[in-house]
Amino acid sequence: MEKAEKEKVIAELTDRLKSADALIVADYRGLTNSQLASLRVELLNHGAKLSVVKNTLTRRAAEAAGADALLALLEGPTAIAFVEADGNPVAVAKALSDAAKETKILTLRGGVLSGNPISGPDIESLAKLPPLDVLKAQLVGVIVAPLSQLAAVLNAPLQNLVGLIDARITQLGGPDAVADASPTEEAQAEEVVAEAAVAEEVVADDAAAEEVVAEEPAPETVAEASTDDAAEAADESAAEVETETPEA
């Protein structure tokens, strides 16, 4: 390969490494041309291009593109699946994983996903994820579920209030009975409230009177005090008579 041709290949690989959203590196040693062709078609359906590359040129391209995580994977026969921005990394990983299981030859070394290095087991885990449409539906469900619960919590007090009102209307005889309630019935209700207030005032006055009566001295105590005063007066009078009587 001429030097100019090598430089052209390196430049193309550099651009592809920079623009790819994900890279998956595999060892294709032992695969037939027919198997490689079938795998390329399968990956194209998921937005990825499978290319067999030379490690020496790819290393230079990786260094130029800043894809240092790719350097450790460039050992032995190498094929790289370049997943474009509009591709599906999960579907590409599943297709490569299925090919590895079917052929028992293809080996997944690792790769780069959104700038982060991933290993062979990581690719297998990525292949087990649900399809993108299912993931989107699950995400929507996760977002909508708390909102539905919040709406139910907010509606519960209103529903309880409506239930209480309906129960009260039923107790009063239905909507017609509530609508036909006469002013006389309302007046009677007001009179009952007024009588209850008067009764409370009477009870309060009676309680105050009982307190006043409890503070007054008992009649027996007053009578005893009067008797004692009369006796003291009689004793004083007798003493004065004895003093005024002359000696014989």
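The model is a predicted one. The protein chain contains 9 helices and 5 strands, and 23% of its 248 residues are buried. Helix α2 spans residues 33-44 and has Leu-36, Leu-39 and Leu-43 as its buried residues.

**The chain as a whole**

- Starting at the N terminus, the order of elements is α-β-α-β-α-β-α-β-β-α-α-α-α-α.
- Among contacts in the protein chain with a separation of 6 or more, 75% are between residues 24 or more positions apart.
- The protein chain has an accessible surface of about 17100 Å². Carbon and sulfur atoms account for 58% of that surface.

**Helix α2: length**

- Helix α2 is made of 12 residues.
- From first C-alpha to last, α2 reaches 17 Å, which is close to the 16 Å expected at 1.5 Å a residue.

- Three leucines, Leu-36, Leu-39 and Leu-43, are the buried residues of α2.
- Viewed down the helix axis, the buried residues of α2 lie within an arc of 65°, so they line one face of the helix.
- On the face turned away from this buried side, α2 carries the exposed residues Asn-33, Ser-34, Val-41 and Leu-44.

Conventions: Residues numbered from 1 in each chain as written. Predicted model: local features only at pLDDT ≥ 70, side-chain atom pairs only at ≥ 80, totals over all residues. Heavy atoms only, no water. Helix = DSSP H or I, 4+ residues; strand = E, 2+ residues; numbered from the N terminus. Expected span 1.5 Å × (residues − 1). Buried < 20%, exposed > 50% of the residue type's maximum accessible area, 1.4 Å probe, protein only. Arc of directions from axis to C-beta. Contact = heavy atoms within 4.5 Å. Areas by Shrake-Rupley, 256 points an atom, 1.4 Å probe, with all protein chains shown as cover.
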